[in-house]
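User: Hi! Could you walk me through this one? I'd like to start with the ligand and then look at the packing.

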Amino acid sequence: MRPGAVKGTYDILPEDQPRWRALFETAARVLGRAGVEEITTPVFEHREVFDKSVGDSADLVVQKEMYTFQDRGGRWLTLRPEFTAGVLRAFIEHGMHTRPLPVKLWSAGPAFRAENVQRGRFRQFHQVNCELVGGGSALLDAEAIALLVDVFAALGLPGVHVKVGSVGDPDDRERYNAYLREVLSPQREQLSETSRERLRLNPLRLLDSKDESDQMLLAPLHRPLDLLGPEARAHFDEVTAALGSWGVPFEVDRSIVRGLDYYRRTAFEVHHAGIGAQSALGGGGRYDGLLANLGGPDLPGIGWAFGVERVLDALHGEGAELGEREQTLAYLVPLDPEAVPEVARLARTLRAEHRIEHGYVARNPGKGLRDADRSGARLAVLRGSRERAASAVVVKDLRSGEQVSVALDDLPAHLRAVAGRPVSEGTATTSGGLAR
Ligand code: HAM
């Protein structure tokens with residue numbers, strides 16, 4: 001059997017790379033202007049890093065979804081299912097709490113979850129992640145949300161819906177969980193199997209159930225936002241007031257529950273209707289207490305991540321394409337064996353300014369021009385015995401068909417002039433081209 005890509009993973013082909021690069025560059029630019037700096041952490045960590053954060057026994061789903069394995073030294077390692085835990089591990093390890101707070105960090109790269117594969121849900125996927133660590137002010141929550149919205153705006157993505165809610169402080173969560181247990185325990189048998197398990201371990205997650213009969217039972221119940229304590233409520237009101245005054249469009253979501261368990265107070269998600277059932281482009285929230293949980297100083301923080309595949313899917317659906325592939329300006333065709341090393345050398349010098357490709361074997365003019373055409377180049381540059389005798393090359397514009405003889409010494413200036421003209425104008429040339 002010939003092995004293919006592992007289920008839930010895929011290749012990003014050359015033609016798709018410019019979109020990916022443009023997305024990362026846009027995110028870097030928008031975040032950089034807000035003083036967010038890039039940090040790169042390993043794709044795997046000691047399993048405790050995730051066990052102590054995302055995978056607390058409460059959240060059975062993430063536990064099961066982690067790729068955890070033992071290496072040859074017997075160490076238990078986990079491929080990151082998300083970035084937050086690893087970034088905070090690095091924050092602690094490098095004593096970043098001594099830097100001016102908040103420390104603002106963004107990252108991008110692959111993450112891994114052993115999920116049921118479907119549209120927008122992969123086993124290796126990519127995130128752009130942002131953490132603002134060491135600030136408890138509601139203004140920082142608003143800034144985090146606004147930054148996520150700004151990145152989508154800079155990408156040119158219309159139709160995003162921002163939902164903001166609060167899961168409250170730990171006491172509020174306890175109280176809410178107790179409330180759900182009290183109300184739902186007598187109806188336990190009517191709940192789906194997953195929801196019964198959640199009722200036991202982490203009732204809040206019940207709100208996430210996609211099961212219709214679960215949702216019927218939940219419909220009349222209070223939502224976390226209805227039962228917030230006074231402090232969490234005041235914090236939430238400040239966040240929404242700041243967003244309102246900045247003109248960031250959002251809606252309040254009373255029942256927002258995030259899949260990960262470390263959130264406190266503010267939780268938010270950004271959705272897009274055009275990407276199917278997995279409509280969340282990104283999400284995040286405040287995670288006061290998590291840093292201390294991981295063995296660091298007791299500093300608050302807030303952050304988010306978005307899924308790169310889902311955002312590119314949404315952009316594609318909106319007809320908003322991103323990033324252009326650089327076009328090859330010239331493809332150099334060797335017309336005899338002697339010209340092969342000549343064009344190779346010529347390509348090396350011309351590449352200082354342009355994207356240049358060349359043939360590696362001698363071709364007759366017909367085949368050489370076809371090679372040039374298939375490379376997508378704007379110009380074919382032909383070199384053979386006749387051109388050698390004249391210390392020249394023949395330059396053919398592959399759109400207009402015009403061709404001219406250009407002295408080798410004049411070639412750089414000629415290419416610069418063509419590169420400076422829009423593609424549609426063709427190559428206006430002096431006459432006297434060698435017809436081939
Ligand atoms: P999350 O909601 O688990 O949050 O993931 C964020 C985004 O990653 C999702 O909205 C989705 O677009 C994308 N995503 C998640 N799983 C998959 C998958 N299997 N396939 C494709 N895309 C996926 C977090 O990861 C938190 N660490 C965010 C955060 C940062 N909170 C605080 N700081």
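This is a predicted model: local features need pLDDT of at least 70, side-chain atom pairs count only at pLDDT 80 or more; totals for chains, interfaces and linings use all residues.

User: Good to know. Which residues come nearest to the ligand?

Analyst: There are 27 residues around the ligand, and E82, E115, F122, R258 and Y263 come nearest.

User: What is the distance from R258's side chain to a ligand oxygen?

Analyst: An N or O atom in the R258 side chain is 2.7 Å from an oxygen atom of the ligand. Q127 also has a side-chain N or O atom 3.1 Å from a ligand oxygen. With A280, a polar backbone atom is involved, 3.1 Å from an oxygen atom of the ligand.

User: Nice. How much of the ligand's accessible area does the protein cover?

Analyst: On its own the ligand has 660 Å² of accessible area, and the protein covers 95% of that.

User: And which elements give two or more residues to the shell?

Analyst: Those are β6 (124–133), β10 (280–286) and β11 (301–307). The largest share, six residues, comes from β10.

User: How do the shell residues divide by type?

Analyst: Ten are nonpolar, ten are polar and seven are charged.

User: Okay, switching to packing. Which residues touch the most other members in the largest nonpolar core?

Analyst: L23, F152, W304, F306 and V311 do, in a core of 49 residues. Several elements give two or more residues to this core, including α1 (17–33), β7 (160–166), α9 (230–246) and α11 (308–317). The one that gives the most is α5, with eleven residues.

User: Let's zoom in on V311. What does it touch, leaving out residues up to four places away in sequence?

Analyst: V311 touches L23, F152, L155, L157, L281 and F306. Apart from this core lies another, of 41 residues, with V49, A111, L217 and Y263 among them.

User: Last topic: G295. Where does it lie?

Analyst: G295 lies in the loop between α10 (290–293) and β11.

User: Buried or exposed?

Analyst: G295 counts as exposed because its relative accessible area is 59%, and the cut-off for exposed is over 50%.

User: How far apart are G295 and I92, in sequence and in space?

Analyst: G295 and I92 are 203 residues apart in sequence, while their C-alpha atoms are 7.8 Å apart in space.

User: Great, thanks for the tour!

Notes: Residues are numbered from 1 along each chain as its sequence is written. Side-chain values use heavy atoms; hydrogens and water are left out. A residue is near a molecule or strand if one of its heavy atoms lies within 4 Å of it. A polar contact is a pair of N or O atoms within 3.5 Å; within protein, one must be able to donate a hydrogen and the other to accept it, and residues adjacent in sequence count only if both atoms are side-chain atoms. Accessible areas come from the Shrake-Rupley method with a 1.4 Å probe; for residues, only the protein chains shown count as cover. Helices (H or I, at least four residues) and strands (E, at least two) are DSSP runs, numbered from the N terminus. Ala, Val, Leu, Ile, Met, Phe, Trp, Tyr, Cys and Pro count as nonpolar, Asp, Glu, Lys and Arg as charged, and the others, Gly among them, as polar. A nonpolar core is a set of buried Ala, Val, Leu, Ile, Met, Phe, Trp, Tyr and Cys residues joined through side-chain atoms within 4.5 Å. Buried means under 20% relative accessible area, exposed over 50%, partly exposed in between (1.4 Å probe, protein chains only). Contact means heavy atoms within 4.5 Å.
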